[in-house]
Amino acid sequence: MTWRRPRFGCLSVAMLLLAILILVAVIMLRPQPQPQSGRLPADDLRIENAQLRPVADFVAIADPSARSVALFQEAGRVIQHPRCLNCHPRTDRPTQTAAMRPHMPAVTRGPDGGGDPLLRCSTCHNDANFAASGVPGNPKWRLAPIEQAWQGRTLGEICRQLLDPARSHMDRPELLHHMAQDELVGWAWHPGADRTPAPGTQAAFGALIAAWLDTGARCPA
Amino acid sequence: MIYTLHVNGEWHRVDDDGQTPLLWVLRDALRLTGTKYGCGKAQCGACTVHLDGRPVRSCSVALADAAGAQIGTIEAVGGAEADAVTEAWVARGVPQCGFCQSGQVMSAVALLRSNPAPTDQDIDLAMSGNLCRCATYPRIRAGIHDAAAALGASRS
């Protein structure tokens, strides 16, 4: 008696593979729920709320000039944060979000920084953040003057700009007041919705600026 | 809490949360459904109304902040500018699907009240916050020019 090869052996294997392929296809192509209320990708660029180093951390730097520069560099983490830079554009158009994309809708600076007379900031922005729409707000909502443009500038350039009254429109006491107590600057730590606040607190930032001024207001290169 | 709203020349008492967007008060409580919900984020302009004469996005105005102000909606917008815009809109067949048009009209009327002879640039600036998914922008711009011309002719 001779051994006979089972008939249809290859066909069985082929049918099994085909069934597996169909099963995989059914699983892959099954109806999927649509994402609800998806956000624009740039909105997802969240940064963890960081703390500022306190002024006491810089006391160990013996050289006053080096300490002054170090203090300003720490304050620069706030100055160069998107919450601040978005309203210090180098064009007549603000930016928005952590990604600093062009403001939507396409608004312009206008004569007083509060928007063109035909489309004021107050068309959408009110005196406070509005949770229902997610639109941020503040009574002083406006752009910084073009002479105070910070976007695209190094921290050293911004530093020298701040110390130049012709461009900052502030003397040093006014500069300290602006940084430490101005309520629109303070919005950067209370931006509402899912916006990442500026590092630390306005008080900690103000203390760094005060210490920087006290140590000669030296600027990074 | 009860708020008193002055809408289209009439006083209304509304019992709602002060943080409710004005848009929903107009539509749901006062049944003024001409004002449309587009994005809910003040990004599209479909919900534009007039608050003390200036155009605002009603989705981003809290009921508490609107109380006591003069609120104007598309249902009652009037005056020479509104008439001119309406006539131009009809003559040009400006709307396509029409969903954004109440917001477009409210912004156009506000523009003509502040600038009776706007240039193309003025129109683009003033209307840039009002989106139209049918892309009727050329007809909107032409309609505003027509309305401005009609206003100019009626004044001369």
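The following legends describe close-up views of a predicted model. Local features need pLDDT of at least 70 and side-chain atom pairs count only at pLDDT 80 or more, while totals for chains, interfaces and linings use all residues. Residues are numbered from 1 along each chain as its sequence is written, and chains are lettered from A in the order in which they are written.

**View 1. The largest nonpolar core has 56 residues.** Such a core is a set of buried Ala, Val, Leu, Ile, Met, Phe, Trp, Tyr and Cys residues joined through C-beta atoms within 7 Å, where buried means that 20 or more other C-beta atoms, placed from the backbone, lie within 10 Å of the residue's own. The members that touch the most others are B:Val85, B:Val105, B:Val109, B:Leu111, B:Leu112 and B:Ala147. Among the elements of chain B that give two or more residues are strand E1 (2-7), helix H3 (80-92) and helix H4 (101-114), helices being DSSP runs (H or I) of at least four residues and strands (E) of at least two, numbered from the N terminus. H4(B) gives the most, with 7 residues. Because domain 1 (2-72) and domain 2 (80-155) of chain B, with bounds from an automatic or database domain assignment, both give residues to this core, it lies between them.

**View 2. Helix H5 of chain B packs against elements of both chains.** Its buried residues are B:Ile123, B:Leu125, B:Ala126 and B:Met127. These residues pack against strand E3 (115-116) and strand E4 (119-120) of chain A, together with H4 and H6 of chain B, with contact taken as C-beta atoms, placed from the backbone, within 7 Å.

**View 3. Chains A and B meet in a contact that takes 17 residues from chain A and 22 residues from chain B.**

Terms used:
Buried ≥ 20, exposed ≤ 12 C-beta atoms within 10 Å, placed from the backbone. Contact = placed C-beta atoms within 7 Å.
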